[in-house]
Protein chains: 2
Amino acid sequence: MNKGFLLVVSGPSGVGKGTVLHDLMNTQHNLVYSVSATTRGKREGEIDGISYFFIDHDKFEKMIENDEFLEYARVHNNYYGTPKEFVERKINEGKIVILEIDVQGAMNIKKSTDDGVFVFIAPPSLAELRNRIEKRGTETLEDINIRMNNAIGELKCINEYDYLVVNDHLNSAINSVNEIINAEKHRVFRSDYVYKEEDDD
Amino acid sequence: MNKGFLLVVSGPSGVGKGTVLHDLMNTQHNLVYSVSATTRGKREGEIDGISYFFIDHDKFEKMIENDEFLEYARVHNNYYGTPKEFVERKINEGKIVILEIDVQGAMNIKKSTDDGVFVFIAPPSLAELRNRIEKRGTETLEDINIRMNNAIGELKCINEYDYLVVNDHLNSAINSVNEIINAEKHRVFRSDYVYKEEDDD
């Protein structure tokens, strides 16, 4: 069995990352979402080990000390992080572990692993991104402007990624990420191919 | 328009490289075969600039001096080589230039370019490779043994390649090489994506 890999996916809020990834989860075998650890309390309906690994503050900080996270961040008063153990175990089982994360998190992961595949999903233009966010109708003008500023900051980091997929048409973007996953499965360094000598008989 | 790239394809004789590549040429846009230069005489039906660039001995050696080949080799009394100019021109036109070449040639190309995509096509097993060569019914037992020895030598170099495709089922191998090409088109460093700032109006 070939080894799997970590697929890190970033892109501005509103670009359609979630939709692309949900579709892939439904159609590709061998994909799993990375499960984060967090110190925030469990909400109704959340399941430990599936929604998150819920752990307490002390344990989280001990895990930081022991270098057990691919990346972590403190948001308000809570920690969120990607436990190495989960990712590595799944990769060894041949799984492709999907991690949807912002650019800063992705760059931290890049520092702590040399075997990740980094995909950036970009909008065809900033105007179109604003369009999509406005269409949702859930944000105030101020929120939208903040998102657009963040988007510009993220787009400046595209060069840090391996692959760029422009989400112009959803199906074509899904297909492109799918092809990237399938191509990466054929990387020589992940292969367990051994040519079998023939039996001399 | 994104830049193209050089797709170097190797694999043991009899593995089905030609069949895979012919199919891709018929179904993928933007592929061209690399055209080699040679000092051997033009045969009936061959066209200069399409079958080969037919050039004389002196010119070939001058081109070697001027570092105008990605790789070249002398076979019996004739030179064969891959002219850089053709490959670079096609890449700048956005084409994917396909070069089917033995492992030694591929390794020489690897030294002279840092933007090639190297694909190795391998048989499911040596026994199956022997099967395929025997089925052709065109080779003597001695020829077959020489091919099998060469195959083993080539398979030892798989680690020098980027991607490995096992040609177990032809359609699945074609599909895999196709996905590798499409994924490589999304490489960030080949992209001309520029996010357009919106007009403030």
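Helix H3 of chain A (residues 84–92) has Lys84(A), Phe86(A), Val87(A), Lys90(A) and Ile91(A) buried, meaning under 20% relative accessible area with a 1.4 Å probe, protein chains only. This is a predicted model, where local features need pLDDT of at least 70, side-chain atom pairs count only at pLDDT 80 or more, and totals for chains, interfaces and linings use all residues. Residues are numbered from 1 along each chain as its sequence is written, chains are lettered from A in the order in which they are written, and side-chain values use heavy atoms, without hydrogens and water.

**Around H3(A)**
- Helices (H or I, at least four residues) and strands (E, at least two) are DSSP runs.
- The buried residues of H3(A) pack against several strands of chain A, including S1 (5–10), S5 (69–75) and S6 (78–83).
- Gly94(A), with a positive phi near 90°, follows H3(A).

**A helix pair in chain B**
- H5(B) (residues 126–136) and H6(B) (residues 141–155) pack at about 145°, their axes 10 Å apart; axes are lines fitted to C-alpha atoms over the stretch in contact, with angles from 0 to 180 degrees between N-to-C directions.

**Where the chains meet**
- In chain B, 34 residues are in contact with 34 residues of chain A.
- Arg187(A) forms a salt bridge with Glu184(B), the closest N and O atoms being 3.9 Å apart; the rule asks for a side-chain nitrogen of Lys or Arg within 4 Å of a carboxyl oxygen of Asp or Glu.
- The interface holds 2 salt bridges by this rule.

Notes
Buried means under 20% relative accessible area, exposed over 50%, partly exposed in between (1.4 Å probe, protein chains only). Contact means heavy atoms within 4.5 Å.
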